Amino acid sequence: MDKRYFTPLELLKIAAQHVYCAEYLLQDNAEIVVSGRGRSDTLAPFVSLMYMAFELTLKAYLLQDFKTNNQHKNLLELLELSSELGLSNEDIKLLKTLSRQYAFRKGVDYELWDDRQDLQVFCTEIIDLYERLQELIPLELQIHYQE
């Protein structure tokens, strides 16, 4: 089997799809009704989708600028490599918190939130951060530039 690497624009398109799905999961108090199973909390899936969206976006940025595929980097490593993007200290803190929240995939809970509502507020801040990041990436990678 042949292997093909995605272009930066393809990576950004996949990242945007993750974000659209994540935004959908935040609706209706971040719960969905699953047929035959009742209500299901969607905050953990939201975190997974947004973590991947940020990873893909930073990989696209690095691929565009440095022509290297950083396929085996995690979000924090990609963040360090993307320091010239000019993210604020607050934005970097949010991404580090997202990374800690995503640690549930390894069976770890950092107990970052006093209650579910605090996590929901964080999730909306993450969506806002993603939108700000779109303004910082190079013009040729911005969605409205492609249209």
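This is a predicted model: local features need pLDDT of at least 70, side-chain atom pairs count only at pLDDT 80 or more; totals for chains, interfaces and linings use all residues.
**Entry 1: cysteines**

I began with the sulfurs. A search of the whole structure gave me zero disulfides. I wanted to know why, so I looked at Cys21 and its closest cysteine sulfur, which sits in Cys123 at 15 Å, too far for a bond. A disulfide needs the two sulfur atoms within 2.5 Å, so the 15 Å between Cys123 and Cys21 rules this pair out. For the record, a disulfide is a covalent bond between the sulfur atoms of two cysteines.

Then I checked the surroundings of each one. Cys21 is partly exposed at 44% relative accessibility, whereas Cys123 is buried at 0%.

**Entry 2: salt bridges**

Arg4 pairs with Glu10, and their closest N and O atoms are 3.0 Å apart. I noted Arg4 as exposed, with 53% relative accessibility, and Glu10 as partly exposed, with 27%.

Next I turned to Glu31 and Arg39, whose side chains meet in a salt bridge at 3.0 Å, N to O. Glu31 is partly exposed, with a relative accessibility of 23%.

My last pair was Arg132 with Asp91, where the closest N and O atoms are 2.5 Å apart. Are the two partners buried or exposed? Arg132 is partly exposed at 32% relative accessibility, while Asp91 is buried at 6%.

A reminder to myself: side chains of opposite charge can pair when their charged atoms come close.

**Entry 3: a negative patch**

Finally I looked for charge on the surface. Glu23, Glu90, Glu125, Asp128, Glu131 and Glu135 gather there in a patch of negative charge. Which helix gives the largest share of the negative patch? I found that helix 5 (residues 116–136) does, with four residues.

Glu23 is a member of the patch that lies in helix 1 (residues 8–30). I checked its accessibility too: Glu23 is partly exposed, with a relative accessible area of 31%. Patch members need over 30% relative accessible area, so Glu23 at 31% passes that cut-off.

Definitions and conventions: Residues are numbered from 1 along each chain as its sequence is written. Side-chain values use heavy atoms; hydrogens and water are left out. Patches are made of residues with over 30% relative accessible area and no salt bridge: like charges are joined within 9 Å, nonpolar side chains (Val, Leu, Ile, Met, Phe, Trp, Tyr) within 5 Å. Accessible areas come from the Shrake-Rupley method with a 1.4 Å probe; for residues, only the protein chains shown count as cover. A salt bridge is a side-chain nitrogen of Lys or Arg within 4 Å of a carboxyl oxygen of Asp or Glu. Lys and Arg count as positive and Asp and Glu as negative; His and the chain ends are not counted. The place of a charge is taken as NZ of Lys, CZ of Arg, CG of Asp or CD of Glu. Helices (H or I, at least four residues) and strands (E, at least two) are DSSP runs, numbered from the N terminus. Buried means under 20% relative accessible area, exposed over 50%, partly exposed in between (1.4 Å probe, protein chains only).
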